[in-house]
Amino acid sequence: MLGGGEVLGALEMSWDELLDHGDQPFDLSFRAVRGVQPSITLKVAVVHAWDNQNGGLFNSLVDCEIARDTDAGHVRLAGYVRCEKAFFLDDAVEHFQLVLNHCPVGHPDRATALTNLAWARLKGYIRNDVQDIDTTTSLFLDALALRPQHHPDHPLSLYNLTKALTWRHSRKSTAADICEAAQLYHELLPLCPEGTYLRSIAAGKNGVDYVIDECNGLPTDASDEGIHLRRVVLELCPLGHRLRPRTLHKLAQAVEARFYQYGNIDDLDTCIQLRREAVSLCPEGHADRGTCLNNLALSLMSRFKHQGNPNDLDEAIFMYEEALRLRPVGHKFRAYSLGNLGGALIDRFNKRGNIEDMTRAISLYREALTLRPPGHSSRDTTLHNLAIALQTRYDKSQVSKDLNEAIDLYRESLRLKRLDHPGRHRNLYNLSSALCSRFTQAQKNEDVEEAIALCQESLAALSSLHPDRYFSYMWLQEAYLSRYRILHDPADLSLAVKNFRLASRHPTQGFPRRIKEAIDWARQAEVHQHESALEAYQVCFELFDSHVMTRSSIISRREAATAVGGAQSLPVDAASCAIRRDNMRHAVELAEQGRGQQWSLASRLRNPVEDIESANPTLAHNYLELSKRVSDAAQSSATITDRAATDRAATEYRKLTRQWEAAVAQIRDVPAFSRFLLPPSYSDLQAAARQGPVIILIASQYSCSAIIVPTSGGPHHVPLPSVTLADLTNLKDRFARAIREASQMTPKQSRTDLIVLSRILWNEIMLPIINVLRHDLKLKYCRIWLCPTAAFTSIPLHAAHPFRTNPDGSREQCLEDLYICSYTPTLSALVRSRQMMKKRVTPSFATIGQGQPGEGKGKALLAVDSELELVHKLVPATAKRTTISGDAATRAGALEALQENTWVHLACHGKQDPKQPYNSHFVMRDEHLTLLDIMERDIPHAEFAFLSACHTAVGDEETPDEVIHLAAGLQFSGFKSVIGTLWQVDDSVAQHVVKAFYENMFPDLSDGGVMDCTKAAWALNRATHAVKTTVPLEQRMVFVHIGV
């Protein structure tokens, strides 16, 4: 009675032959079917019928009736399959229905009875002799319900139901049927090993391949359910399956559509990974290679626009070029490739300003337009793209002809675009932007009125979270601002600010665009003196912080920070804005929040949590564990060069970052830690001034001034009215030139230029500050910390000197006569170093020197060995002393010494890389010891480092406020007190400073006194005084102290 409804063969055996087997089971084999040899195991049993009170005879008769009707049904069904006569089918259905009637709910053979009846009906449906497929499907469903997982016939019932669903789909095109069939195949195939009969009928073009094909033909569904289905279908296509490339494309389409709806960058990364695999499955010569290249390039362009990574733009253009090469003149998709490459070239023009990119883009669009004559379904798109190109060229060249043609093309494109077209809103806001430009030029009021109306119409067409609302807000604010500039109606300025706010805070648009809009908001608020300026700066910092945090490596974070034009001056401009509004505390907070973001982000992952551990050990452990995982992920991603692997690492990094942010949020839920890792308040930052005031020097395009943060009380503002940003830039350049010239002089020659510049520094900058320190704060000969910003970071502020004599003939005191000067990159860095001073360990001192760096790594430093010997002698015998030099002074050896010792003196070549500061390095015997190497180490017990090498305390050109240099890197890794250099050091002359420093540092420690790194600033101050007659001015000025 058991069976699936397929005739395998006829059994021809007499009763005697059957009975000869007795009660032993025996096998019967049949001819091979689809490469599989079917067999059946039989066992003979003789049943004796007799009348009794328990109904045994009745049950036996019923079983015989079921068997008889089942066999008759199969015979009739076989006849129907063979002869295609409908009466055979009717008889088979009638017999199978009788069997089902004898197998009520609970009967052990009900599932088989349901299956036999359903198969007969399905055969009739396939041949159009049965019209009702719904009943058939329900029968198979009922049978599957009676054969749950682990039932031996569960796979067969899954397959039966897929057949009914696929046939119903083929006739009725019901999407739900093919989707359910895909889910069933996803469950079925793992239960059917290769080589089995069921696998042979389930796989192939009439089985699972049909379902895959039909699912791939369904419309794109960006819902979670739709994407889940696409993932299921992809799993039905293992590597090597002919349908895998198209299935990858369909899943990528759905995930990308969800990205466009909600702006989650993980979706775009997933899409790119899928499309990379699709390209790899379509090698040169494959018919679909051009399409796969084009699709990958589209996704890379989307990510470039969302995140601003130029590598994505360059790779996309390469892919577009390849796709265009595969689509020569006459190819049906050539116009698409022309348009896509044109758009990417415009983006590169906007990024890099090469006019050749723009010229070629316009040429490509004009060719595409010839391929889409009037009446072509995509003509509106090409008209729109050409208009964008012409408008972009107008923005650069201000040729009115380009702008007018762009407006005409926008109008024609809009006329051709259906009212319900999903991309119509782009035509609306782009035409609005062009009209706004013409209003600015010709001042025709109807242009700006239409521009505003078009933007409002585009907003009405978009959902609240659609990423493109950003552009509607952006062009709407531009229209209102343009009208305000002409008509000066305050209401227009208010509306412009409202739309600045909406655009920069629109959650589903990428950070780079939102940052750009927030910067423009701040700039315009400054120009028009609007009260929202400080809010705009605050939004800039919040967006920058979030944007940079998404980058998975230290270097990529800096690339993200430097990619946005106009962002470098934000910290000082924000502080200047707060100063001009007489809010000094907020000025200090903004200067701190905007500066040193690279250090701030990295230090979050090393934040001490002793207090949290006491209050809630579980929260503290979870936070520390996630911090380590995020930090490890960032470090490992820096070494990845493969683009696909980089994408995967970035996705994993963001996943860890979200978990880390959730852990931070849990800590903030504890009342005592509500401000954990939030930007520090003024009261938090004032801890930096515990041992003496911190002087923040603000160099902004709007004003230059200083803020003194005292040990207690509010900050003091020191205006520098005679100093402008241009003056500081000039002073910085003059200092650099004077130092270069001084390095070519003999020790006896006068450093006239340096003296003149030191006087300017004294009179214009430091003297007003000293006056406040001495007269208002009553501070004399104490420690002060200088915290320079922007152009101030490249000026030797500590060297300010009047170079004058008093009326009584005595020398007028200079800055270093009056105060002991130190520097700090940020106030937070100084606070962190002080917090880490709580733990003191037994001191150990390592001297590391490399005077013979090897060919191509710089000239030999002949005085290095004698400098190491000198330091070794001057260091107290109570400290464990180690010297590493010559062949032992390798990158690994130096790193080990840094990690294992609390005090370090390093004498070698140092090199600051002005373009990529993380590549700044100390020159070792084998490989460079880079800033990145140092930053990756966490050395909380470290105390002091003397960097007797060139350029160890000077920042980079692009982000001076990040203060990314070797000395700051050592401070970040754990060294609380560091002496570095601002420019080139003469190793033989430097020995005099080194000797004087250590003599002052350790004057009387032979008796076992404590080695105290907080004395370093004082010792350096005394040393530079002591060597005035033996060391030239520029070589005394070169050394600076950083830290506690």
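Q: How are H16 and H17 oriented, roughly parallel or roughly antiparallel to each other?
A: H16 and H17 are roughly antiparallel, a label for angles over 145 degrees, whereas under 35 is roughly parallel, 65 to 115 roughly perpendicular and the rest oblique. Helix H16 (residues 355–370) packs against H17 at an angle of about 160 degrees, and their axes are 9 Å apart. Axes here are lines fitted to C-alpha atoms, for helices over the stretch in contact, and angles run from 0 to 180 degrees between N-to-C directions. Helices are DSSP runs of H or I with at least four residues, strands are runs of E with at least two, and both are numbered from the N terminus.

Q: What should I know about the model and the numbering?
A: This is a predicted model, in which local features need pLDDT of at least 70 and side-chain atom pairs count only at pLDDT 80 or more, while totals for chains, interfaces and linings use all residues. Residues are numbered from 1 along each chain as its sequence is written, and side-chain values use heavy atoms, with hydrogens and water left out.

Q: Back to that pair, is the crossing of H16 and H17 left-handed or right-handed?
A: The crossing of H16 and H17 is left-handed, meaning that the near helix is turned anticlockwise from the far one by less than a right angle, with clockwise being right-handed. By class, the H16 contact with H17 has nine nonpolar, three polar and three charged residues. Ala, Val, Leu, Ile, Met, Phe, Trp, Tyr, Cys and Pro count as nonpolar, Asp, Glu, Lys and Arg as charged, and the others, Gly among them, as polar.

Q: And where is Gln 398 found?
A: Gln 398 sits in the loop between helix H17 (379–397) and helix H18 (400–416). Its phi is near 60 degrees, a positive value in a residue other than glycine. Most residues other than glycine have a negative phi. With a relative accessible area of 49%, Gln 398 is partly exposed, which lies between buried (under 20%) and exposed (over 50%), using a 1.4 Å probe and protein chains only.

Q: At what angle do H18 and H19 pack?
A: H18 and helix H19 (residues 424–442) pack at about 150 degrees, with their axes 10 Å apart. H18 is thus roughly antiparallel to H19, and H18 passes H19 in a left-handed crossing. That contact comprises eight nonpolar, seven polar and three charged residues.

Q: How do H19 and H20 cross?
A: The axes of H19 and helix H20 (residues 445–460) cross at roughly 160 degrees and come within 8 Å. H19 is therefore roughly antiparallel to H20, and H19 passes H20 in a left-handed crossing. The residues of this contact divide into 10 nonpolar, four polar and five charged.

Q: New topic: is Arg 483 buried or exposed?
A: Arg 483, which is found in helix H21 (residues 469–487), counts as buried, at 14% relative accessibility. Not counting residues up to four places away in sequence, Arg 483 touches Phe 439, Asn 445, Val 448, Glu 449, Ile 452, His 488 and Asp 492, where contact means heavy atoms within 4.5 Å.

Q: Which residues in the largest nonpolar core touch the most other members?
A: Ile 765, Leu 797, Phe 922 and Phe 997 do, out of 231 residues. Helix H34 (residues 752–776) gives the most to this core, with 10 residues. A nonpolar core is a set of buried Ala, Val, Leu, Ile, Met, Phe, Trp, Tyr and Cys residues joined through side-chain atoms within 4.5 Å.

Q: What is Leu 797 in contact with?
A: Leaving aside its neighbours within four places in sequence, Leu 797 is in contact with several residues, including Leu 697, Leu 761, Ile 765 and Tyr 823.

Q: Lastly, how many helices and strands does the chain have?
A: The chain has 43 helices and 16 strands, and buried residues make up 54% of its 1044 residues.
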